[in-house]
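Me: I'm new to this one. Could you take a close look at a single part for me, the place where the ligand sits, and walk me through it?

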Amino acid sequence: MAYSDKVLDHYNNPRNVGSLDKKEEDVGTGIVGAPECGDVMKLQIKVDKETGQIVDAKFKTYGCGSAIASSSLATEWVKGKTINEALEIKNSDIVEELSLPPVKIHCSVLAEDAIRAAIEDYKSKQENKDTEEKAKTEDHAQEQGK
Amino acid sequence: MKPNKCKRPIYMDYNATTPCDPRVVQAMLPYFHEKFGNPASRSHAYGWVAEEAVSKARRQVADLIGASPKEIVFTSGATESDNLAIKGVAQMYAEKGKHVISCVTEHKAVLDSCKRLETWGYEVSFLPVDAKGRIDLEELKSTIRKDTILVSLMAANNETGTYHPIEAIGEITRERGVLFHCDATQAIGKREIDVDKAKIDLLSLSGHKIYGPKGIGALYVRRRNPRVRLVAQIDGGGHERGMRSGTLPVTQIVGLGEACALLQENMKEEVQRVQSLRDRLEKSILEQLDYVYINGDPDNRLPSMTNLSFAYVEGESLIMGMKDLAVSSGSACTSASLEPSYVLKAAGVEDELAHSSIRFSLGRFTKEEEIDVAVGQVVSAVKRLREMSPLYELVQEGVDLKSVKWEAH
Ligand SMILES: Cc1ncc(COP(=O)(O)O)c(C=O)c1O
Ligand code: FES
């Protein structure tokens, strides 16, 4: 199968390969896929709490060339967007940009899923933190009430 | 890494097909235009010349496997030979029984012929294999029944190169009065095969795997002790003693004969040379990379190939990274399906490692320098992709991948 120039470019010069510290509060991590299916994608975002803007993104992918290209492109696209804007990215946009053939559409779906999973993870971290903080202040209040 | 000076990628996919040897091409050329006759034309010199060429080729093929020329039926390739052997025997011996034995790792040409028999009311037992791709001979013995008419097992597997113990199999089938069909497509020229020694009753081979042309193959059909009979699958003018009708493609047949003669002459040295190249390739890769696993039976396999799984990198992306190498991931015929190789799965190779498998198959025109270029490309591509692999990262962190809950999409 011949690859499109854009797939080859992302494969040969992947953007934003690497990892962010998944323990950081402002980092969201999405891992999707499964080794036995031949594809696992990890996509991470770092979000500015004030603006909700994605200031950094990294990926690591185990999968075919199209999966690597899709995740590389996804990190490029989410950078600079707010998390709500990033949620608008559709796998069909990736298919179009990379000219993926039909058998490779699921690789782009995986990239979309990875973006969502990363945002989800970030959001749940914020909620946990909120409830933690709430719990803390409640504890505090209780203690003070004693 | 040394640069690859030639523009075409280095060919390491000899199990898929081989280039025609220039000597084979030379031998074929006169039969396109000058000596174009139909060997079935008994009434003039054009036919006689063609008939003579076919006879010579028939002997060359027969000699290579220790058969007599009358036992060779020309076909369009090993796929047809497998079909003719399995369906032809099944139909001929239906009164004796309707049970056939084969194995889960056979080529699709055998498996699908057997599956066709099932739709015709036959029963087929597919023997399982162990982690090295080997069958259990005791299991073969206990699977043979009163109504078993045929055992079809290959000499060497096309994906892993694993050998079946054909001489031990032939011993068992002969003793039990069951016919033995052997798909020797990959083994010819690399493994010593003598139809009498191995007590083989039917044998498939193909031109394009042995430096001959595509579209030609042969089926060996034993004529005595026992005399094997077949129901033809292609009817017509009664060529090939009624077993395979159709005007003989003289050019292809001459090519196949010449290819066999060349093997006969040089097999020993050729096997030695290619095995030392394979060993060098395999050893260098294993020395320079960790988490690499050999698929198949390292002690009993084709000398010309190695099938390796590179854990934590996916095969297709790896092939993409080895720009100057022409190799395959799993079987060439199944790679379009996106399914991991059924041969590796049958041997209990985990799906993940099956996805990571690459078959390197070398041959007559592989050069020593090419091995070094290949090793360099493999090592650097695997290293680069592992840097990009979330699985490799997890393993480096000490995570057991099996303990992770994956969300398959
Ligand atoms: C073991 C085996 N049997 C049969 C075949 C089919 O051969 P042909 O291409 O001549 O039909 C092949 C080739 O892929 C093979 O490897
Ligand atoms: S990740 Fe499965 S084919 Fe691309």
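Reply:

**Around ligand 1**

Let's start with Ser206(B): one of its polar side-chain atoms lies 2.6 Å from an oxygen atom of ligand 1. That makes a polar contact, meaning a pair of N or O atoms within 3.5 Å. Once ligand 1 is in place, the protein covers 86% of the 400 Å² of accessible area that ligand 1 has on its own, with areas taken from the Shrake-Rupley method with a 1.4 Å probe.

Before going on, a word on the ground rules: this is a predicted model, where local features need pLDDT of at least 70, side-chain atom pairs count only at pLDDT 80 or more, and totals for chains, interfaces and linings use all residues. Residues are numbered from 1 along each chain as its sequence is written, chains are lettered from A and ligands numbered from 1 in the order in which they are written, and side-chain values use heavy atoms, with hydrogens and water left out.

Back to the ligand. Lys209(B) also reaches an oxygen atom of ligand 1, with a polar side-chain atom 2.8 Å away. Thr185(B) goes for a nitrogen atom instead, at 3.4 Å from a polar side-chain atom.

Stepping back, 13 residues surround ligand 1, each with a heavy atom within 4 Å of it. The closest are Thr79(B), Asp183(B), Ser206(B), His208(B) and Lys209(B). By class, that shell has two nonpolar, eight polar and three charged residues; here Ala, Val, Leu, Ile, Met, Phe, Trp, Tyr, Cys and Pro count as nonpolar, Asp, Glu, Lys and Arg as charged, and the others, Gly among them, as polar. Helix H3 of chain B, residues 78-92, gives the most to the shell, with three residues; helices are DSSP runs (H or I) of at least four residues, numbered from the N terminus.

Notes: Polar contact = N/O pair within 3.5 Å; in protein donor to acceptor, adjacent residues only side chain to side chain. Helix = DSSP H or I, 4+ residues; strand = E, 2+ residues; numbered from the N terminus.
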